[in-house]
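Thanks for coming. Please have a look at the model on the screen before I start.

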Amino acid sequence: MFPPIIRGPRIRRGEGYTVITTSTDDDPEKERDAFKMMRGRSIDGIILATALLDDPIVDKCISDNIPFVW
């Protein structure tokens, strides 16, 4: 579980970038929704914090050619 500061979604702006953070509580539906929301904002990349060794979002980033850190 993440600290309350990361729960959200929260949006931060600066230096020409917008940083969106969210916690999905390991809920696959929330993860899909968050990913769709971020894709709709023309993201430059994703930083994932996951406990899963085989996270479907990683596969989606690879197939959609989205840079990511995991």
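First, the ground rules. This is a predicted model, so local features need pLDDT of at least 70, side-chain atom pairs count only at pLDDT 80 or more, and totals for chains, interfaces and linings use all residues. Residues are numbered from 1 along each chain as its sequence is written, and side-chain values use heavy atoms, with hydrogens and water left out.

Helices (H or I, at least four residues) and strands (E, at least two) are DSSP runs, numbered from the N terminus. Take α1, which has 12 residues. The expected span of a helix is 1.5 Å times one less than its number of residues. For α1 that gives 16 Å, and its end C-alpha atoms are 16 Å apart, which agrees.

Which residues of α1 are buried? They are Glu 31, Ala 34, Phe 35 and Met 38. Buried means under 20% relative accessible area, exposed over 50%, and partly exposed in between, using a 1.4 Å probe and protein chains only. Down the axis of α1, these buried residues fall within an arc of 100°, so they line one face of the helix. The arc is that of the directions from the helix axis to the C-beta atoms. Glu 29 and Lys 36, on the other side of α1, are exposed. The cover over the buried residues includes β2, β3 and α2 (56–63).

Thr 24 sits in the loop between β2 and α1, and is buried at 14% relative accessible area. Setting aside neighbours within four places in sequence, Thr 24 is in contact (heavy atoms within 4.5 Å) with Lys 30, Glu 31 and Ala 34.

Now the largest pocket. On a 1 Å grid over the protein atoms alone, a pocket is an open set of points with protein on both sides within 12 Å along at least five of seven lines; lining residues have an atom within 4 Å of a point. The lining here has 30 residues, with Ile 20, Thr 22, Met 38, Ile 46 and Ile 47 nearest the centre. Two or more lining residues come from each of β2 (17–21), α1 (28–39) and β3 (46–47). The largest share, five residues, is from β2.

Last, the two loop residues. Ser 42, between α1 and β3, has a positive phi of about 55° although it is not a glycine. Asn 65, between α2 and β4 (68–69), likewise is not a glycine and has a positive phi of about 60°. Ser 42 is exposed at 61%, and Asn 65 is exposed at 69%.

Technical notes: On a 1 Å grid over the protein atoms alone, a cavity is a set of points where a 1.4 Å probe fits but cannot get out, and a pocket is an open set with protein on both sides within 12 Å along at least five of seven lines; lining residues have an atom within 4 Å of a point.
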